[in-house]
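Open the model in your viewer and keep the selection panel at hand. The tour starts inside one chain and then moves to an interface.

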Number of protein chains: 4
Amino acid sequence: VVDVEDVEIVAEYCDILQIGTRNMYNYPLLKKVAKTNKPVLLKRGFSATIDEWLLAAEYILSEGNFNVILCERGIRANSKYTRNLLDISAVPIIKELSHLPIIIDPSHAVGVTKYIPPVSRAALAVGSDGLIIEVHPNPEQALSDGQQSLNFEQFKSLYEQLTVETITKTYV
Amino acid sequence: VVDVEDVEIVAEYCDILQIGTRNMYNYPLLKKVAKTNKPVLLKRGFSATIDEWLLAAEYILSEGNFNVILCERGIRANSKYTRNLLDISAVPIIKELSHLPIIIDPSHAVGVTKYIPPVSRAALAVGSDGLIIEVHPNPEQALSDGQQSLNFEQFKSLYEQLTVETITKTYV
Amino acid sequence: VVDVEDVEIVAEYCDILQIGTRNMYNYPLLKKVAKTNKPVLLKRGFSATIDEWLLAAEYILSEGNFNVILCERGIRANSKYTRNLLDISAVPIIKELSHLPIIIDPSHAVGVTKYIPPVSRAALAVGSDGLIIEVHPNPEQALSDGQQSLNFEQFKSLYEQLTVETITKTYV
Amino acid sequence: VVDVEDVEIVAEYCDILQIGTRNMYNYPLLKKVAKTNKPVLLKRGFSATIDEWLLAAEYILSEGNFNVILCERGIRANSKYTRNLLDISAVPIIKELSHLPIIIDPSHAVGVTKYIPPVSRAALAVGSDGLIIEVHPNPEQALSDGQQSLNFEQFKSLYEQLTVETITKTYV
């Protein structure tokens, strides 16, 4: 959602509302979205600090909507090989400062298909509560973000690397 | 090692020579260290790009010393909660561009004891060939870097989370 | 203005509408503000690129409102002595890429009263079309941004440094 | 100078020794250069803080060589249009913290010929004690840094903009 005027219609058809990185500081939108009582996925702003991100979450919580999921999606950096720079330590920091769940978006963080599997494994290993991964039946034909999308086979292969059982054995 | 004049004496007593982040661009030192034929641990410069880091490694390789280990130790960033910002995607990028092994230094990257275990797990999960972790019998009395050192018990606990067998099951 | 619902009432009483740094990517707000036909002061986002900033301006221009003034107010950086990092080269870059006027906000860029006069002089020297400077009758009592506000006397002194004669006397 | 072993021979033929950005943290080199008693131009490291820069200067001063000139040459940033990001507020900050003279290197800071004149004017206006500008008789044929070099005519034109009268005419 990017427009306060669209919130209601979007909420009617969606199970969860995402606030994108460009709108993390858009407080009227946060409040409007909160009032739908739908779960909200709050992406971290491009260069937002941890504190600013948690304070943005407060705009939603203070409306009585407690279903907020934080999403780390990489911060601005000067890199030739990746789209953004994943701040992986954000996960244990958020775990300490807040009770909110946090997931990682490796697709936007690295922006390149081939680096998504290792970074996804790292995300779970650091304690992320989940992942949001871009998948497309034919990434080369995707209208947007094709270069960071997995096709179905790549996703299946990644998924198998991330099964409950193996993760359980390792990290719990 | 920080001084070219000390290289020989240090090499006489050490099994491996470390080039710290402040000296990654110190090419005469890199060449001098290379000539000892000791393995060299080359830390990434504070804000060095991946390309600059690999080119620094070339100064060592071009002297005929092929025992170079790269070490990602976090880059400069504007964070209240960590000392630096770990660039975890550096591992798969280096794996693609180079044959050199790469390890991660979570101690300098996050700089805070409590965040070192989760970040160490992430480091192995992303494919790091190893870890370099600061340990001190009594971190509160350490002359330097105490706030980022594990004591023996903390290290033992971390080590058990990182055993070969479990990692093998998950990631290979 | 931060809320699309407030745009009309604000436009009724103000001569110019400012889009703050947190709202540069708030496209519905940009479009709503554009439609008032009031001049719009568009601040650069915290870590916005030059291209993103100019594209944000396009959201206003494309509604037929051509009275857009760009405002450089410093970008996020890791500095102990200033609040942000003034990107002074943004001025000649914008002058080359666009016909839009650009002004500098030294108050937010440096965030410390004592550094505002020299940075203001530099802003004019680099070709800025103007300055926006925070002034308060009693900065120590200001409800916000007191530490970066000039009092009347400081402003008068700065103003005098920005006239022809004083520039001559000072810099040669 | 980049090599401690070259310091003496270089000092024999040069009036001033420059420590480049890659060597700001090279403390043995700083000490060796200090001992020549030649003036030292100490460039700021790629991502060095103001404090680190002043402490690097201390390595020279503490050898009894007080002829240190600091040089701001832009810090690492994510910009498509310039090579680095000039930190112009470094000048008044250094003026407050230290007695050392500070000059600006617009050539490395912006890295593009056309932006050097306006940034040079800003440098003087902010209080810089001088400028270091790359000039080449034929920049297109330069072995290095041609894209940021002025030819003789461009330099003459810039020089004339930096005299009293032109500043008056231009900025008021």
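Select B:Ser120, which sits in helix α6 (residues 116–126) of chain B; helices here are DSSP runs of H or I with at least four residues, numbered from the N terminus. B:Ser120 counts as buried because its relative accessibility is 0%, the cut-off being under 20% relative accessible area with a 1.4 Å probe, protein chains only. Beyond its neighbours within four places in sequence, B:Ser120 is in contact with B:Pro106, B:Leu131, B:Ile133, B:Leu158 and B:Leu162 (contact: heavy atoms within 4.5 Å).

This is a predicted model, in which local features need pLDDT of at least 70 and side-chain atom pairs pLDDT 80 or more, while totals for chains, interfaces and linings use all residues. Residues are numbered from 1 along each chain as written, chains are lettered from A and ligands numbered from 1 in written order, and side-chain values use heavy atoms, without hydrogens and water.

Next, show chains C and D, where 31 residues of chain C are in contact with 31 residues of chain D. The two chains bury about 2800 Å² between them, 72% of it on carbon and sulfur atoms (accessible area, 1.4 Å probe, lost on being put together and summed over both parts). Select C:Tyr81, C:Leu85 and C:Ala125: they supply 19% of the area that chain C buries against chain D, more than any other three residues.

Now select C:Lys80 and D:Asp51, a salt bridge with its closest N and O atoms 2.6 Å apart (Lys or Arg side-chain nitrogen within 4 Å of an Asp or Glu carboxyl oxygen). The count between chain C and chain D is four salt bridges. Finish on α6 of chain C, which gives the most to the side touching chain D, with seven residues.

Methods: Helix = DSSP H or I, 4+ residues; strand = E, 2+ residues; numbered from the N terminus. Buried < 20%, exposed > 50% of the residue type's maximum accessible area, 1.4 Å probe, protein only.
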